[in-house]
Every structure is written in structure tokens, then in C-alpha cells.
Amino acid sequence: LGSVNLLMMAQKNGDHYAIDWDKLQQTVRKAVHFLDNVIDANKHPVKEIEHKTKLTRKIGLGVMGWSSLLARLGVSYDSEEGVELAGRVMSFILTEAKIKSLELGRSKGVFPAFEQSVYADGGEKMRFRNATLTTIAPTGTISIIAGPCSSGIEPIFAISYYRNVMDKTKLVEVDPVFEEIAKERGFYSQELMEKIAKDGSIQHIEEIPADIKKAFVTSHDISPQWHIRMQAAFQKFTDNAVSKTINFSNSATEDDVRQSYMMAYESGCKG
């Protein structure tokens, strides 16, 4: 498994940010090559696992920092624009991953179980080095190490929150993208961060501009339907499963949960 930090794919153009597609292309291709090498570098615990791993050479390249990127671009997570962009990004990643896997297939050979796979009758355009290429994992710890950035394709959980450490000391933790923009726009203050940490959401705080509220929606600001639509957009271009938490309000009913499971099923979600 490996994950591209999408926040690092944002490039400043004048007074706004856009996705650096060339950088994303190079990153994905290097990542596929790296993950394929990991299969051979690994010390497997037992020979049976080593045999199965090398039989299909499956890798799972995914993403993290998705909602951090959306916030940087000024795009709301729960919007048609956000869902459409998700499909474009993951489609691009899968395409570039396939291009690199084909290149490795030509130079190093296809995975040993190739003739028993769905690719066997596909000709030269299907001679991949790896049986699967993409997976979206939770990335809980690595997104903290690598950023910090938001985990997986989850929305930002909280803009500002209290972290309890040591002898019940409260530290105010602030989303780094929000903090940077707040300072650039001139509405940052320690008092505001503490207020956000107490309230849990910025949607009802008057001193925060409307465009910032739109971009920085948190997990509990978003309805279950938008959570699932985002998951489905990524799943369409993901070989394996997509990790996703669907958040509900305290007032959610059994039927709300049932409808969400059915919507995820009908949308082709695997996670």
C-alpha cells in the first residue's frame, strides 16, 4: 500500500491554486515502480504468503489529503464540483498507474498468474506487471506523519480542536490549510481558534467569510448522501476497496442507515 498526498499536488497560479497534473503524473508513476519493488524487497513471514504475493503482484496505490486539497482549491466537499473533480483525479491516477504497470510488464515481465487472469485475452495493451493497482486506505497515521493532511478521502474532521496531553493540558490544534488562509485573509486569532474548537464547526461563526465556510465543511456538516457520492466517485476508478466513514447525526434512524447502505451498494462501492 502507498498513498499520494494530494495536498502536495496543489500549485499556486497567481492568486489561486490549481492541480499540478504533471507533478501528479510523475508521482503516480514513481509510486507504482516503488510499490512493485517493495514486493521483492519484503521479508515475508511465511513462504505461502510470499508465493501468493508474488503470484499476482498486487499493489494498492491510493490517496490522502483529498479534503485538504479541496479546501486549498476553494471547492466544497459536498458539491457537484467536488464529486466531479474526485472522478477526474482518481481516473487520472488509475490511467497513469496502468501506463507504468504496462511499462514494467514489458521490461520485467507480467505477474506469474497472468494467463489465469481477466487480462489474458487482452493483447499487448493488457500485459500489466500487477494484477491490481489502486486501493484507498484509511491513512490515519501516515497522513499525520506526511503533513499533516486530511486522511484518505475523508472530509476534514475538525477545523480546530482540543488535544488533551500529559497532565490534562489542553492544546488547540488547527487545520494547517485553514490556519494559513486565515492568516493570509486577516481573520486569524487565537480566540477564534478556541471558539471553533469549542463549537466544532465554523458554519455559524459570523467573522469567517462565506467562501471559507463553503470550502471548509467538516465531517458532521456533510449529509450521508454526499459522503457516499464521494466514495462512489473514487470507487469507480479503484481496483480494490475504498475506506470511507459515513457520518450521521445523533438523530439518525435505522432507516437512515439502511438507505445509506443501499445507496452505497447501488453506487458500486466496495468499502
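**Core, pockets and aromatic contacts in a predicted model**

Of the 37 residues in the largest nonpolar core of this predicted model, those that touch the most other members are Leu 6, Trp 66, Ile 93 and Phe 234. A nonpolar core is here a set of buried Ala, Val, Leu, Ile, Met, Phe, Trp, Tyr and Cys residues joined through side-chain atoms within 4.5 Å, where buried means under 20% relative accessible area, exposed over 50% and partly exposed in between, for a 1.4 Å probe and protein chains only. Two or more residues of this core come from each of α1 (21–41), β4 (61–64), α3 (66–73), α4 (80–108) and α9 (224–235), and α4 gives the largest share, 9 residues. Helices (H or I, at least four residues) and strands (E, at least two) are DSSP runs numbered from the N terminus. In soluble globular proteins, nonpolar side chains tend to be buried together.

Because the model is predicted, local features need pLDDT of at least 70 and side-chain atom pairs count only at pLDDT 80 or more, while totals for chains, interfaces and linings use all residues. Residues are numbered from 1 along each chain as its sequence is written, and side-chain values use heavy atoms, with hydrogens and water left out.

The open spaces come next. On a 1 Å grid over the protein atoms alone, a pocket is an open set of points with protein on both sides within 12 Å along at least five of seven lines, a cavity is a set where a 1.4 Å probe fits but cannot get out, and lining residues have an atom within 4 Å of a point. Grid points are joined across faces, edges and corners, and a volume is the space filled by probe spheres set on the points. The largest pocket holds about 500 Å³ of space, and among its 20 lining residues Ile 144, Pro 148, Cys 149, Ser 150 and Tyr 161 lie nearest its centre. At least two residues of this lining are supplied by each of α5 (142–145), β5 (160–165) and β6 (169–174). Its composition is 11 nonpolar, 5 polar and 4 charged residues, with Ala, Val, Leu, Ile, Met, Phe, Trp, Tyr, Cys and Pro counted as nonpolar, Asp, Glu, Lys and Arg as charged, and the others, Gly among them, as polar.

A search of the whole structure finds 1 cavity of 30 Å³ or more, lined by Ser 67, Leu 70, Tyr 77, Ile 156, Ala 215 and Val 217.

Finally, Phe 111, Phe 114, Tyr 119 and Phe 128 form one aromatic cluster. Rings of Phe, Tyr and Trp (its six-membered ring) pair if their centres lie within 6.5 Å, and planes under 30 degrees apart count as stacked, over 60 as edge-to-face and the rest as tilted. The whole structure has 7 aromatic pairs; in one of them, Phe 111 and Tyr 119 are edge-to-face, at 6.4 Å centre to centre and 75° between the planes. The ring centres of Tyr 119 and Phe 128 are 5.0 Å apart and their planes stand at 70°, so this pair is edge-to-face.
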